[in-house]
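User: I would like to go through the labels used for this model. Please set each value against its cut-off.

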Amino acid sequence: MSAKSHKSAGEAGKSATNGGAEKSPAKAVSIPSLSSQRSGAEIIVDSLLRHGADTIFGYLGGVVLPLFDKFYGSPIRVIVPRHEQGGCHMADGFARASGKVGVIVTTSGPGACNIVTGLATAMMDSIPLVAITGQVRTELIGNDAFQEADITGITRPITKYNCIVKDVRDLARTIDEAFHIASTGRQGPVLIDVPVDVEVAKCEYDGRVEMQLPGYKVRTKGHGGQIIAAAKAINEAERPVLYVGGGIISSNASEELTQLIAKAHLPVTMTLLGLGGFDQNKEESLDMLGMHGTAYANYAIQNCDLLIAVGTRFDDRVTGKVKTFAPNAKVIHIDMDPASISKNVPVDIPVVGDAKEILKELVEKVEYRQRKDWFATIAGWKKKFPMKYDRNSGTIKPQYVIEQICELTKGDAIITTGVGQNQMWTAQFYRFSRPRQFITSGGLGTMGFGLPAAIGAQIAKPEAVVVDIDGDHSFNMTMTELSTAVQHKLPIKVCIINNGYMGMVRQWQQLFFEKHYSCNSLLNPDYAELARALGAEGITVDLKADVPKAINKMLAIKDKPCLVDFRVEKEENVWPMVPTGKSLHEMDGLDILQSLI
Amino acid sequence: MKHIISALVENKPGVLAHVSGMFAARAFNIDSLVVGRTEDVNMSRMTIVVNGDDRILEQVRKQLAKLVPVVKVQDFAGEPVVARDLMLISISAPPGKRPEILALIEMFTGKVVDIGQKFVMVEISGPEEKIEAFIEVCKPYGIKSVARTGTIAMIRQEKEA
Ligand SMILES: Cc1ncc(C[n+]2csc(CCOP(=O)(O)OP(=O)(O)O)c2C)c(N)n1
Ligand SMILES: [Mg+2]
């Protein structure tokens with residue numbers, strides 16, 4: 001039994017590679033059958049293909065065997081992770097890099113429960129995913145059957161929508177609705193729970209499906225009057241600042257944003273998820289704002305007379321103390337989600353709709369203004385408080401590693417991260433120039449996201465250089481997925497910023513808990529050895545002088561993953577920092593930065 | 001302030017869980033939530049009484065509307081509405097006290113729906129304040145149990161000119 005299943009898995013892998021080589025997504029599959037009756041499993045496969053999902057992520061289990069049997073020999077390429085959480089983050093990375101809907105398939109119970117973190121990650125960052133989970137037979141539901149978990153109950157608050165399909169005749173429609181809901185409006189993950197008997201049951205199916213979503217309305221076009229009001233406010237503003245988030249990326253509005261900035265002459269700051277929305281090499285970029293944002297971005301926010309927020313939700317990591325956020329500003333908020341408007345910060349001119357459409361209209365209505373004083377003030381802040389670190393240090397500074405990665409990849413790589421200091425330094429020291437270039441778990445802050453997200457991104461963009469800049473402990477959480485990358489010969493790069501600590505936690509323990517590094521010394525493996533054991537390349541870097549060499553060597557490897565273990569300064573801190581509960585302009589660490597040469 | 005929110009929702013499994021789960025997750029305070037069928041077999045109506053300031057109520061409306069199975073959300077605040085609760089209440093009523101109690105029931109236009117040796121069960125409907133007032137006047141006699149539906153409401157028809 002095990003030998004047989006092993007063989008078929010290998011074969012499926014082979015046919016999957018063939019399928020994946022096909023360029024254009026197939027429109028319909030010809031499943032040989034005499035009548036127009038199709039099984040639930042066949043309907044799922046066909047529906048996935050109708051939605052262009054020719055590459056998906058999935059893990060086996062009892063109740064999804066009928067479905068996986070239909071993947072066998074189908075044009076769908078199924079990437080099998082080593083853990084369903086990894087698979088869900090892969091689907092997420094795939095979605096973020098490509099703009100397409102990511103698909104994850106798991107078995108019931110433990111398989112489904114393992115994607116909870118991945119779904120919550122996607123939910124918080126509004127990433128379009130469709131999760132299909134197997135479920136125990138319909139008549140067993142509610143009886144604590146083997147591998148039964150109430151996954152729709154468990155994931156209700158962490159999905160945009162979820163449901164269970166108990167009748168095969170509802171299956172095709174529900175899948176269509178799932179793709180529609182996931183990919184429109186404020187995007188997000190949708191989960192469909194499919195009992196195994198529904199996979200097997202048959203019904204008439206010809207690929208023509210009609211959605212029934214009376215309660216789902218998406219507003220794309222902004223209110224004309226509001227757009228005029230917004231344009232007027234922009235034209236009158238002396239000290240405006242744009243503050244943009246992940247909505248710019250998901251609505252593909254980067255071009256329109258760039259036009260608006262050029263035409264009206266506006267400075268712009270981005271949230272963690274907004275990075276890449278505007279080219280950071282341009283003068284108008286104030287880089288990231290918020291808790292670990294630049295001083296010049298945070299000062300600009302606190303001193304502006306008009307705040308133009310686009311595709312962003314005034315998260316507490318961005319605003320600091322909400323009451324004193326942008327205290328003198330009139331606020332324009334352009335967002336897809338009406339519920340985001342005035343949720344945390346009162347808004348003067350709300351515009352609900354798709355950022356791309358609204359910015360396009362706005363570009364036509366704004367006028368150029370020089371705003372000489374304002375730009376001079378900002379230039380002054382930039383000059384006085386640039387992002388810095390100790391370049392002369394003999395040890396490897398984490399910021400130096402990231403700067404070097406940026407330089408040697410010509411600022412053009414797709415970057416994923418872990419969570420913690422590694423993530424903040426990456427946001428601070430890599431210069432992003434285009435959307436979908438920076439892939440990070442912002443809202444949930446999920447350690448372990450970096451590696452699987454890099455795998456998903458590399459699968460979506462085979463030609464791109466994909467680098468996971470990770471923390472040692474973030475990497476520890478999902479490092480098993482290195483095997484997945486090796487199996488698929490993915491040339492992803494894993495750069496571990498190895499400080500031997502949960503560095504961000506250590507920083508807080510140092511600053512707020514009297515340096516009690518409680519529970520913060522874990523044993524790490526030799527990562528390069530580990531990488532080699534799994535079939536990847538592994539490099540250890542102990543000396544500062546070896547950093548560029550190692551990065552170049554890593555970049556030269558094209559047929560397998562390469563991991564570089566950078567043994568960095570252990571107790572470096574991320575500055576500046578707005579302590580929780582403080583206003584954005586009350587940044588700690590500016591003196592430290594200024595004392596550096 | 002108390003608001004009555006009326007939500008038209010799809011009549012399918014899981015909808016109540018979507019709505020009540022959202023209220024719990026976002027820490028909104030529900031006074032009562034009533035679900036019932038409507039004239040359309042595909043739709044149900046939820047009437048939700050919520051407590052909160054303007055900012056919270058705005059979020060309640062928006063978050064409700066955002067749920068996929070929720071078709072329409074109306075806040076009845078400031079509208080001319082008819083709002084009703086239905087209550088069954090069982091009151092201790094020894095024979096000596098019965099005339100008194102029956103008089104009260106009549107005053108409140110309640111209806112006796114069951115009589116036992118020691119108790120009467122009363123059906124009473126009306127605005128919430130009336131129900132509350134009735135409970136108050138019954139307290140001295142001893143209340144055995146109370147079952148209430150929570151508020152349902154509808155906007156009054158506009159008067160024709
Ligand atoms: C799954 C998960 N568990 C716990 C945390 C809390 N947390 C935030 S940062 C951090 C430390 C991260 O350590 P590491 O990956 O080594 O990154 P560093 O800060 O050292 O760069 C922890 C534990 C989290 N964000 N995610
Ligand atoms: Mg670390």
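Analyst: Start with the link between the chains. In this predicted model, the side chains of D337(A) and K66(B) meet in a salt bridge.

User: What makes D337(A) and K66(B) a salt bridge?

Analyst: The N to O distance is 2.7 Å. The cut-off is 4 Å between a Lys or Arg side-chain nitrogen and an Asp or Glu carboxyl oxygen. The pair therefore qualifies. The count between chain B and chain A is one salt bridge. Seven residue pairs across that interface are in polar contact.

User: Which element gives the most to the side of chain B that touches chain A?

Analyst: That is α2(B), with seven residues. By class, this side of chain B has eight nonpolar, four polar and six charged residues.

User: How much area do chain B and chain A bury between them?

Analyst: About 1400 Å², with 54% of it on carbon and sulfur atoms. H18(B), K62(B) and V68(B) supply 39% of the area that chain B buries against chain A.

User: Why is D472(A) called buried?

Analyst: Buried means under 20% relative accessible area. D472(A) has 2%, so the label holds.

User: Is Y501(A) buried or exposed?

Analyst: Its relative accessibility is 15%. That is under 20%, so Y501(A) counts as buried.

Conventions
Residues are numbered from 1 along each chain as its sequence is written. Chains are lettered from A and ligands numbered from 1 in the order in which they are written. This is a predicted model: local features need pLDDT of at least 70, side-chain atom pairs count only at pLDDT 80 or more; totals for chains, interfaces and linings use all residues. Side-chain values use heavy atoms; hydrogens and water are left out. Buried area is the accessible area (1.4 Å probe) that two parts lose on being put together, summed over both. A polar contact is a pair of N or O atoms within 3.5 Å; within protein, one must be able to donate a hydrogen and the other to accept it, and residues adjacent in sequence count only if both atoms are side-chain atoms. Helices (H or I, at least four residues) and strands (E, at least two) are DSSP runs, numbered from the N terminus. Ala, Val, Leu, Ile, Met, Phe, Trp, Tyr, Cys and Pro count as nonpolar, Asp, Glu, Lys and Arg as charged, and the others, Gly among them, as polar. Buried means under 20% relative accessible area, exposed over 50%, partly exposed in between (1.4 Å probe, protein chains only).
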